[in-house]
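Thank you all for coming; please have a look at the sequence and the model on the screen, and then I will walk you through a few parts of it.

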Amino acid sequence: MTAAREMITDESARRTAGLVVAALQPILGELVNRFTNAGHELALVGGPVRDALLDRLDLSDATRTDLDLTTSARPDEVLRLVDGYAEALWTTGIDFGTIALSYHGFQIEITTYRADRYDRVSRNPEVVYGDNLADDLVRRDFAVNAMAIRLRDGSFVDPHGGLRDLAAGVLRTPAYPQESFADDPLRILRAIRFVAQLGFTLEDKTALAIRDMADQLDRITPERIQAELSKLLLAPAPRAALELMVASGVADVVLPELPGLKMEIDEHHQHKDVYSHSLTVLDQAIALEDRLPEGGPDLVVRLAALLHDIGKPATRRHESGGGVSFHHHEVVGAKMVRKRLRALRYSKAIVEAVSDLTFLHLRFHGFSGGQWTDSAVRRYVTDAGDLLPRLHILVRSDCTTRNKRRAAALSAAYDRLEERIVKIQAEEDLNAVRPDLDGNEIMQILGIPGGPMVGKAWNYLKELRLDRGPMPRDEAVAELKEWARDNLGS
């Protein structure tokens with residue numbers, strides 16, 4: 001990324017603009033002709049322009065690239081001009097001047113020039129259409145996103161110094177930052193997300209405005225905050241952005257559990273605080289994501305790595321002799337994870353997965369000396385279920401000791417556990433551990449109807465299965481009958 005920025009000049013920008021227009025000709029050529037013949041401008045704007053200048057615009061895969069266009073045409077005229085061109089059309093954003101369509105797999109948004117005013121209570125603008133491209137660009141979030149390429153002639157438009165900021169790796173608002181963030185506080189979180197995605201830094205006035213106005217994020221819906229937080233976490237290196245979130249006070253509003261870790265010293269006394277430890281765990285988890293069947297980035301792994309210790313502040317105890325303990329912090333943390341992620345409107349699947357990983361992340365340490373029975377291995381695999389590959393990553397990443405000998409010992413212990421899992425899985429189907437008798441067989445053998453006692457008998461046999469492994473049928477029947485004598489009175 002830095003190398004690409006060093007190559008940015010006015011001349012290279014003009015050359016890139018021409019190359020982009022040529023590359024887009026098979027996709028947008030007909031559309032450009034329609035708008036030009038109707039007397040309207042059409043320009044590529046925002047992220048696609050920025051990415052083209054950074055040599056990050058990928059037009060070879062339509063699923064990776066969305067095209068943002070702006071135009072002098074009003075929405076009704078846009079609808080008329082795309083008729084017969086668009087393969088699919090969405091008008092959900094038409095009240096805000098946006099028409100969305102697809103063409104050859106590309107998602108294209110066309111928005112009428114805007115010169116909006118905001119009520120400063122919600123983030124919904126009073127839509128006011130602009131008369132020219134300059135009016136539209138000044139309302140954009142950052143100068144690096146306020147550049148455009150006119151698609152008719154390939155001219156490069158940069159009225160706010162976005163090219164200069166792009167070369168310097170700086171984020172700055174086109175208007176005064178206080179005005180920009182008051183209009184739309186979500187831009188505060190977007191700025192921090194771009195730090196993660198692009199490796200940029202904040203211009204001083206922009207950074208100061210973020211610190212002063214972080215509480216304005218209370219105006220933003222949880223769904224929008226969640227979307228930005230997820231994009232941030234899925235960036236190649238999110239740590240610097242998370243540190244900025246905490247330092248600026250933004251995390252106090254959107255993820256207060258994170259700064260809450262800052263003063264909590266962990267039980268191993270090998271980090272100045274649990275906050276620093278959690279960020280290191282996140283770094284290490286990202287480095288291990290290629291072990292997942294589908295690779296990374298993986299939102300569940302990253303959320304779990306960041307939040308796995310949030311139960312520590314509530315469970316901190318000072319022990320005699322000067323030690324500190326966090327007993328059952330995994331239990332408390334799992335509940336806190338569930339509450340926070342639900343508040344951010346994450347899906348049920350993500351909430352449960354991150355909560356379960358938080359609950360399970362200490363399970364290995366009870367056996368880190370290597371005393372794993374077959375029964376313990378079965379329970380570890382069964383309790384993790386589909387999360388086992390992610391649990392492997394979380395547990396390995398949770399070792400952040402600087403003591404190389406201890407780190408090597410823990411890694412070797414986990415290697416042995418994974419080897420045991422593979423060995424037992426080869427002998428048994430650990431992915432579907434079930435009792436040796438099913439519900440129908442239980443009812444037939446005991447002569448009882450369906451009901452709660454069948455479920456209790458089933459659970460008893462499953463526990464035996466976990467302890468002993470597969471049993472011969474006659475042994476399972478004998479165990480069931482013995483259980484029935486104690487529980488059914490027969």
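Predicted model: local features only at pLDDT ≥ 70, side-chain atom pairs only at ≥ 80, totals over all residues.

Let me begin with a question: are Phe-364 and Tyr-414 buried or exposed? Phe-364 is buried, and Tyr-414 is buried as well, where buried means under 20% relative accessible area, exposed means over 50%, and partly exposed is in between, with a 1.4 Å probe and protein chains only.

Residues are numbered from 1 along each chain as its sequence is written, and side-chain values use heavy atoms, with hydrogens and water left out.

Let us turn to strand E4, residues 98–103, which is mostly covered, six of its six residues being buried; helices (H or I, at least four residues) and strands (E, at least two) are DSSP runs numbered from the N terminus. In a regular strand the side chains alternate between the two faces of the sheet. In E4, Thr-98, Ala-100 and Ser-102 point one way, while Ile-99, Leu-101 and Tyr-103 point the other way.

Which strands pair with E4? Strand E3, residues 88–90, runs antiparallel to E4 and is joined to it by three bridges, and two strands pair if DSSP finds at least two bridges between them. Within E4, Leu-101 stands opposite Leu-89. Strand E5, residues 106–112, also pairs with E4 in the antiparallel sense, over six bridges, and there Phe-106 is the bridge partner of Tyr-103. E4 and E5 form a hairpin with two residues between them, and His-104 in the turn has a positive phi of about 55°.

Now to the aromatic rings. Rings of Phe, Tyr and Trp (its six-membered ring) pair if their centres lie within 6.5 Å, and planes under 30 degrees apart count as stacked, over 60 as edge-to-face and the rest as tilted. By this rule the count comes to three aromatic pairs. One of them is Tyr-85 with Tyr-103, a stacked pair at 4.2 Å centre to centre with 15° between the planes. Because Tyr-85 lies in the loop between helix H4 (75–82) and E3, and Tyr-103 lies in strand E4, this pair ties together parts that are 18 residues apart in sequence. Tyr-85 and Tyr-103 are both buried.

Phe-364 and Tyr-414, with which I began, have ring centres 4.8 Å apart and planes at 70°, so the pair is edge-to-face. Phe-364 lies in the loop between helix H17 (348–360) and helix H18 (374–384), and Tyr-414 in helix H20 (residues 404–427), so the pair ties together parts that are 50 residues apart in sequence.

Finally, what is the volume of the largest pocket? The value is about 1,900 Å³, a volume being the space filled by probe spheres set on grid points that are joined across faces, edges and corners. On a 1 Å grid over the protein atoms alone, a pocket is an open set of points where a 1.4 Å probe fits, with protein on both sides within 12 Å along at least five of seven lines, and lining residues have an atom within 4 Å of a point. Of the 50 residues that line the largest pocket, the closest to its centre are Asp-68, Glu-109, Arg-190, Arg-224 and Lys-231. Helix H8 (186–198) is among the elements that each supply at least two lining residues, and the largest share, seven residues, comes from H8.
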